[in-house]
Amino acid sequence: MNSLNSFTSRAPIPYARQSICRADVTAVTRALQSEWITQGPAVIAFEEAVKARCGATHAVAVNSATSALHLGCLALGLGPAGTLWTTPNTFVASANCGRYCGAKVDFVDIDPRTWNMSAAALRRKLVAARRSSRIPQIVVPVHFAGQPTEQDVIMELAAEFGFKVLEDASHSLGGSRQGEPVGSCRWSHAAVLSFHPVKIITSGEGGMLLTNDAEVAHRAALLRSHGITRDPRRMTRAPDGPWYYEQLELGFNYRMTDLEAALGTSQLVRLDEFIARRNQLARRYDRALRTLPLRLPTVEKGNLSAFHLYVVRLSRRAKISQATLHAAMRAEGIGVNLHYMPVHLQPYYRSLGFHAGSFPEAERHGAEAITLPLYPTLTESEQDRVVRVLRRLLR
Ligand SMILES: *Cc1c(COP(=O)(O)O)cnc(C)c1O
């Protein structure tokens, strides 16, 4: 049977985990026995499947979302003279991609209700930046915990102030806003997905850049594999044999393997099932935790959250500190986590001049948040155990 479901009631419960079924194993085995192992037909099939699912016209699969963010920044024209803005309430990769391009990085504080980048704070910062001619080249909104950001509003600001929008949709494959699927890029220039095992679907490691701009897709695909082209129309001279290729730019090896892509395509079949189960468990947490001194996650009207994470915040009424609660939950075998320590307070970003007090909403969030276990194979009895322990500790 499925060894992944074999937790006893006392076994540790992680905050997140993959769900691998027999069809996934078959798909990877088949890919392993095919002609190709590295980037080949299975990668193309995965790109086609994700594109069709999300409604974008181009997809470039790579070895991680981190790589997709880097390629997205480069393809959208970010360079050492540029600036990237993102939210402090994210994984470091959303900011690091700007640094890889040699650009400056800055942050926009979060909305205290959604815990996503605040569109109002973004507007205020843009107005101030325009006065000093410091409009960023790229803004990277992150769909925190799976809840879509106010992309329509952010895209209006992009048109008004003249910057590119790169969505970090690592948490939100399968989510939607006003019926528009995350990844369609209706309200952005490009979007990035992650297929790390803790995310909505997995390919082991992997990521994808989605866009409706053919030239952005072309540049990302070129840079994914060393900046090399085998397309005679893109070459500087006529090829003198079938071995001939040209390196046009300084690219990378960010390729996804066919083994990973086969897993990703197989996982995508269960995307709706995963999203439904995550939402069902989230509503179950909502009901069970309502009376505790916690702030529960909100889902904005018109949004379907992918519920990558179920994050609650300790309210001021709580008589236990965040650190004590985290430690006590972990001591009970419940793998709680913290999403996120604000990125600007990481030593690396402090060394670039950031300090406490700059983004108070994100800092408050980081000081109160606790991520509870949530993944499709979490059972209701395991969830009940999480709730019981939490109730006892918060009493
Ligand atoms: C996981 C994650 C990434 C990085 O994904 P990888 O595929 O591990 O590189 C980037 N941004 C966010 C918001 C993430 O959660």
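Strand 14 (residues 310–314) is mostly covered, with 5 of its 5 residues buried. Here buried means under 20% relative accessible area, exposed means over 50%, and partly exposed lies in between (1.4 Å probe, protein chains only). Strands (E, at least two residues) and helices (H or I, at least four) are DSSP runs, numbered from the N terminus. This is a predicted model, in which local features need pLDDT of at least 70 and side-chain atom pairs count only at pLDDT 80 or more, while totals for chains, interfaces and linings use all residues. Residues are numbered from 1 along each chain as its sequence is written, and side-chain values use heavy atoms, with hydrogens and water left out.

- Two strands pair if DSSP finds at least two bridges between them.
- Strand 14 pairs with strand 12 (residues 294–295) in the antiparallel sense, over 2 bridges.
- Strand 14 also runs antiparallel to strand 15 (residues 369–372), and 4 bridges join them.
- Arg313 is the bridge partner of Arg295, and Arg313 also stands opposite Ala369 in strand 15.

- An open sheet is formed by 7 strands in the order 1-9-8-5-4-2-3, and the pairing is mixed.
- Strand 1 (58–62) and strand 3 are the edge strands, each pairing on one side only.
- Neighbouring strands of this sheet are turned by 20° against each other on average, direction ignored; axes are lines fitted to C-alpha atoms, for helices over the stretch in contact, and angles run from 0 to 180 degrees between N-to-C directions.
- Strand 4 (residues 138–140) and strand 5 (residues 164–168) run parallel and are joined by 2 bridges, with Val139 opposite Val165 in strand 5.
- Helix 3 (residues 65–75) packs on the sheet, and the strands it touches include strand 1, strand 4 and strand 8 (190–194); contact means heavy atoms within 4.5 Å.
- The direction of helix 3 makes about 165° with that of strand 8.
- Helix 5 packs on the sheet as well, touching strand 2, strand 3 and strand 4, and its direction makes about 155° with that of strand 2.

**Salt bridges**

- The structure holds 20 salt bridges, each being a side-chain nitrogen of Lys or Arg within 4 Å of a carboxyl oxygen of Asp or Glu.
- Lys51 forms a salt bridge with Glu48, the closest N and O atoms being 3.0 Å apart.
- Both Lys51 and Glu48 lie in helix 2 (residues 41–54), 3 residues apart, about one turn of the helix.
- Lys51 counts as buried at 17% relative accessibility, whereas Glu48 is partly exposed at 42%.
- Lys125 forms a salt bridge with Asp106, with the closest N and O atoms 3.0 Å apart.
- This pair links distant parts of the chain, with Lys125 in helix 5 (residues 119–131) and Asp106 in strand 3 (residues 104–107), 19 residues apart.
- Lys125 is partly exposed at 22% relative accessibility, and Asp106 is partly exposed at 21%.
- Arg277 forms a salt bridge with Glu380, where the closest N and O atoms are 3.6 Å apart.
- Arg277 lies in helix 9 (residues 271–289) and Glu380 in helix 13 (residues 380–394), so the pair ties together parts 103 residues apart in sequence.
- Arg277 is buried at 18% relative accessible area, while Glu380 is partly exposed at 34%.
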